[in-house]
Amino acid sequence: MLPIKRQQQILLWLEKEQTLRISEISKRLDVSEMTVYRDIKPLIEQKKVLKTSKGISLQPKTPNSSNVCSYCLKPIHSRFAVQLIKSDQEIETACCAHCGLLRYQDIEQEVSQMICRDFLKDTTISAKMATFMMGTSLNLHCCEPQVIVFESMDEAKQFQKGFEGELYHFGNVIQAIQQKMSGRTCRHFEK
Ligand SMILES: [Zn+2]
Ligand SMILES: [Zn+2]
């Protein structure tokens with residue numbers, strides 16, 4: 001099978017199944033995992049496919065519905081925007097990781113995936129694989145407590161040397177946000 005045919009097949013499977021492991025693709029196509037990686041590399045570069053903690057999935061299409069945060073209703077600044085992809089394929093967008101994570105907690109059952117942007121490189125990453133940082137001295141003028149997203153833990157640590165802050169992962173960041181807010185709601189509600 002030609003690489004282009006395999007790529008088409010992978011995209012078809014992803015449309016139906018949403019997420020696929022590399023090992024599963026390799027088995028189905030009867031090619032090595034190396035070959036699968038080579039096949040999906042251009043798809044990732046073309047932003048058709050996204051690497052996730054579970055393998056690969058389709059890159060969500062840009063939402064056209066609204067341009068306000070689904071949590072605090074503030075207008076969305078795309079650079080920090082976070083997308084919540086629900087199991088029914090509907091996409092919600094939050095203005096920043098702060099809102100994205102709090103919204104995620106509200107509708108966790110419905111969310112199949114949460115996509116963030118790396119603060120330094122602007123690449124998209126699955127929230128479950130990201131490193132989060134709070135309490136830095138850099139003010140982004142979005143929601144408080146501010147949450148910055150990094151793809152790489154090493155880069156997050158480099159950043160931490162200059163701007164301070166504490167590091168979190170997906171498993172403990174939501175609780176930390178809530179602790180810092182100590183019962184207050186997102187400040188944009190108050191306006
Ligand atoms: Zn928001
Ligand atoms: Zn925000």
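This is a predicted model: local features need pLDDT of at least 70, side-chain atom pairs count only at pLDDT 80 or more; totals for chains, interfaces and linings use all residues.
Local features need pLDDT of at least 70, side-chain atom pairs count only at pLDDT 80 or more, and totals for chains, interfaces and linings use all residues. Residues are numbered from 1 along each chain as its sequence is written, chains are lettered from A and ligands numbered from 1 in the order in which they are written, and side-chain values use heavy atoms, with hydrogens and water left out.

Start at the zinc ion (ligand 1). Its protein donors are Cys69 (SG), Cys72 (SG), Cys95 (SG) and Cys99 (SG), at 2.2 to 2.4 Å. Donors are N, O and S atoms within 2.8 Å of the metal (3.2 Å for Na, K and Ca); water is not among the atoms, so sites may look incomplete. Along the chain, the donors of this ion follow the spacing C-x2-C-x22-C-x3-C. The four donor atoms subtend angles of 106 to 113°, so the arrangement is tetrahedral (four donors, all angles between 85 and 135 degrees). The ideal angle for four tetrahedral donors is 109.5 degrees.

Cys95 counts as buried because its relative accessibility is 1%. Buried means under 20% relative accessible area, with a 1.4 Å probe and protein chains only. Cys99 is buried too, at 0%.

Now turn to strand E8, residues 131-134. Strands are DSSP runs of at least two residues, helices (H or I) of at least four, numbered from the N terminus. In a regular strand the side chains alternate between the two faces of the sheet. Both faces of E8 are covered: Thr131 and Met133 are buried on one side, Phe132 and Met134 on the other. E8 pairs with strand E9 (residues 147-150) in the antiparallel sense, over four bridges. Pairing takes at least two DSSP bridges. Met134 has Val147 as its bridge partner in E9. E8 also pairs antiparallel with strand E10 (residues 166-169), again over four bridges. There, Thr131 is partnered by His169.

Finally, the rings. The whole structure holds six aromatic pairs (Phe, Tyr or Trp ring centres within 6.5 Å, using the six-membered ring of Trp; planes over 60 degrees apart count as edge-to-face). Phe119 and Phe159 form an edge-to-face pair, 5.6 Å centre to centre with 80° between the planes. Phe119 lies in the loop between strands E6 (111-117) and E7 (124-126) and Phe159 in helix H5 (residues 153-163), so the pair ties together parts 40 residues apart in sequence. Both are buried. Ring pairs link Phe80, Phe119, Phe150, Phe159 and Phe163 into a cluster.

How values were computed: Buried means under 20% relative accessible area, exposed over 50%, partly exposed in between (1.4 Å probe, protein chains only). Four donors count as tetrahedral if all angles lie between 85 and 135 degrees; four count as square planar and six as octahedral if opposite donors are over 155 degrees apart and all others between 65 and 115; anything else is irregular. Rings of Phe, Tyr and Trp (its six-membered ring) pair if their centres lie within 6.5 Å; planes under 30 degrees apart count as stacked, over 60 as edge-to-face and the rest as tilted.
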